[in-house]
Amino acid sequence: MPEPGWLCSLFPKPELSRSERLALLSGQPPKGEADIGRIVCSCFNVGEKTIQQAVQTQKLQSVAAISACLGAGSGCGSCVAELKEFLPQPG
């Protein structure tokens with residue numbers, strides 16, 4: 001079964017490449033295609049795995065930092081509450 005995040009990433013594209021079309025028909029993402037996980041920010045097509053990786057590698061500490069790095073949360077804002085869950089908890 002194809003990764004839902006990859007499938008969702010195809011919808012906003014105005015046109016699919018040949019390799020994307022073939023991958024879609026086979027049900028497998030193209031080799032080298034990143035698995036972004038479940039879409040959290042639909043405005044900018046940012047997935048949970050992308051957010052987790054950015055928070056860890058860039059040491060992001062706020063939603064504003066996530067927005068500056070990935071764009072997530074800077075559109076309609078409906079994902080801001082969910083973005084907060086990816087941030088390190090004070091402790």
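**Entry 1. Conventions.** I worked with a predicted model, in which local features need pLDDT of at least 70, side-chain atom pairs count only at pLDDT 80 or more, and totals for chains, interfaces and linings use all residues. Residues are numbered from 1 along each chain as its sequence is written, and side-chain values use heavy atoms, with hydrogens and water left out. I took helices (H or I, at least four residues) and strands (E, at least two) as DSSP runs numbered from the N terminus.

**Entry 2. Helix 3.** I asked which residues of helix 3 are buried. They are I51, A54 and V55, where buried means under 20% relative accessible area, exposed over 50%, and partly exposed in between (1.4 Å probe, protein chains only). Viewed down the axis of helix 3, its buried residues fall within an arc of 100°, so they line one face of the helix; the arc is that of the directions from the helix axis to the C-beta atoms. I found the exposed residues Q53, Q56 and T57 on the face turned away from the buried side of helix 3. The buried residues of helix 3 pack against strand 1 (39–41), strand 2 (46–47), helix 4 and helix 5 (80–84), contact meaning heavy atoms within 4.5 Å. Just after helix 3, K59 has a positive phi of about 55°.

**Entry 3. Helix 4.** I then noted V63, I66 and S67 as the buried residues of helix 4. Down the axis of helix 4 these buried residues fall within an arc of 100°, so they line one face of the helix. A64 and A68 are exposed on the other side of helix 4. Helix 3 and helix 5 are among the elements that cover the buried residues of helix 4.

**Entry 4. Where the two helices meet.** I recorded that T50, I51, A54, V55 and Q58 of helix 3 meet I66, C69 and L70 of helix 4. The residues of this contact comprise 6 nonpolar, 2 polar and no charged; Ala, Val, Leu, Ile, Met, Phe, Trp, Tyr, Cys and Pro count as nonpolar, Asp, Glu, Lys and Arg as charged, and the others, Gly among them, as polar.

**Entry 5. Cysteines.** I searched the whole structure for disulfides (cysteine sulfur atoms within 2.5 Å) and found 0. C41 is in no disulfide, and its nearest cysteine sulfur, that of C79, is 4.0 Å away. C41 is buried, at a relative accessible area of 1%, whereas C43 is partly exposed at 40%.
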